[in-house]
Amino acid sequence: MNFWKSFFAAFLALVLFTIVSFILLIGIIGGITAEEEVVVAENSVLHLKLDAQITELQAENPLAGLPFGSEAPKIGLLQLKEVIQHAKEDSSIKGIYLEVSYPMAGFSTIEEIRQSLIDFRKGGKWVVAYSTVMSEGAYYLASAADKIYLNPEGEIEFNGLTIEISFFKRLFDKLEIKPEVFRVGEFKSAVEPFILEKMSPENRLQLTELANSVYGFTLKRISEARNIPVEKLKEISDKMLIRNAADAKSYGLVDELYYQDQFIDNLKGRLSLGEKDDIEFIRYGKYRKSVPAHKSSKNEIAVIVADGTIMPGKANDGEQVIGAETFVEEIRKARTDDDIKAIVLRVNSPGGEFRASDMMWREIQLATKAKPVIASMGDYAASGGYYLAMGCDTIVAQPHTITGSIGIFGMMFDMSGFLGNKLGITFDEVRTGEFGEMFTVSRPLTEAEKNYWQKSLNDHYETFTGKAAEGRGVAIEEIKKVASGRVWSGAQAQERKLVDILGGFDDAVKIAAEKAGVASDYKIRFYPKHKPFLEQLITQLEDNAKTDAIKSELGESYIWYQQLKKINTYQGAQARMPFEIQLH
């Protein structure tokens, strides 16, 4: 009896301790994350430090600032644009100090920020950029400033763009893994890294033209900002004439070479401060809390963000995955909500699963029958990403956007050699008919199964091109001339009638408001909405615990586990970008 009394007493104490600890934890987190009232001092400078991953929308990390919150900083592009616009109208903000060295963003995202900074300057305020090191993308962003200052021992990368692709054929040969590939389109090169050791001639052609198109517009914009002829910039870049900070100033890429204290003195002069006065800097994260959530209007423009890889099912906050079910639900709600007068579909996606893309396209088509739906393309809107955009009334893209890639591929992995010869695992099967398991890694596909997959992909390709032709109002023969899985820059896509207007997110919103007849009175809201804080916290803790457990178990093999998970998503019909294009 005494034993059970002691046991239940200890058990009750443990339960109470757990409950109290949880309440205390929530209280501590609540205190840390409590919204403080932000007071912006007069004569302030907004400090934008943009060495972060820049996503479309910033999902708040409930563990940010806590000892066990290890996620890298992220900045939401669309929120950043709102903050810069607010700062333009805020009399307390005199200018912006732009600090950027290695922004984790594509050139279309950088262009969106550039245009916001240029618009900020049109209000009579200044933007100055200062850094020790600037990557190609960082310098492109800094070129929007009135003045660019560089550390005397600093450096700027200004030598053109490079596209590098990793190939895994030799690795698969060594491991006795045989990719079984099905594709439609000579340019559908998403599978090339698994079956070749270098680029195909078709792929090399499209990537060369893509890089030249993107860089051509980049040099044009820098030329306009720095008053240096494009031909001269091209020479500087091709011959890599910028070897040090002095070269950067000599060729006019920067205005002055300053140490930090000299730069601060320059800012004090701009603010009419004395030598001993302190500058009132306010960082982006803090200033964002002073920006009103929404302006007052009964007319709403819904901005539905499709950011990441397209997959079936639902998406979670912070994941760069477009869950088809989540997306369809958001479009449907926007379509049936009378307060929402128009929809802007913000697409930043290299594509993904074909059927998920088609399901989302269907809901977009229904929405266009009820109200204006405008597509705004980000860094990528290719393959499945283009599938979404082509269903909209109007498509707006940046010249740097990577789009098109109208094509289909599928891939299986025959791992019977690896499993049998390397690991000693063999398989056998019985079946009731000619066809067996269609998603299998334990054996090669039969000829009948291969024919089934290729016929299925051919049908999907006809569906894709047919709907693209319908959406763009052109003959299917014209679409097929620019399809075959080929990627284009936004500028190239406009020339080929895949895109209507070259511009940014703000242009897409204006078009939506005008088409809805509410150009003089509207507010913007972003969707999907974020989950409540406590739900985010629990999900984040669960994800962190799961990731830590897998890392602990696999050790250095964790990176291969991630690659295998990624490869697994390639099985079945895919409307996906040809590999991951990184311009740097």
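This is a predicted model: local features need pLDDT of at least 70, side-chain atom pairs count only at pLDDT 80 or more; totals for chains, interfaces and linings use all residues.

Residues are numbered from 1 along each chain as its sequence is written, and side-chain values use heavy atoms, with hydrogens and water left out.

A nonpolar core here is a set of buried Ala, Val, Leu, Ile, Met, Phe, Trp, Tyr and Cys residues joined through side-chain atoms within 4.5 Å. Buried is under 20% relative accessible area, exposed is over 50%, and partly exposed is in between, using a 1.4 Å probe and protein chains only. The largest core has 80 residues, and Leu48, Leu117 and Phe158 touch the most other members. Helix H7 (residues 201-226) gives the largest share of this core, seven residues. Helices (H or I, at least four residues) and strands (E, at least two) are DSSP runs, numbered from the N terminus. A second, separate core has 53 residues, including Leu345 and Val482.

Next, the crossing of H13 and H16. Their axes, lines fitted to C-alpha atoms over the stretch in contact (heavy atoms within 4.5 Å), are 12 Å apart, at an angle of about 25°. That makes H13 roughly parallel to H16, the term for angles under 35 degrees.

Last, the backbone. The peptide bond from Tyr527 to Pro528 is cis, with omega near 0°. Met240 has a positive phi near 45° and is partly exposed at 38%. Ser484 has phi near 55°, but counts as buried at 17%.

Key: Axes are lines fitted to C-alpha atoms, for helices over the stretch in contact, and angles run from 0 to 180 degrees between N-to-C directions. Angles under 35 degrees count as roughly parallel, over 145 as roughly antiparallel, 65 to 115 as roughly perpendicular and the rest as oblique.
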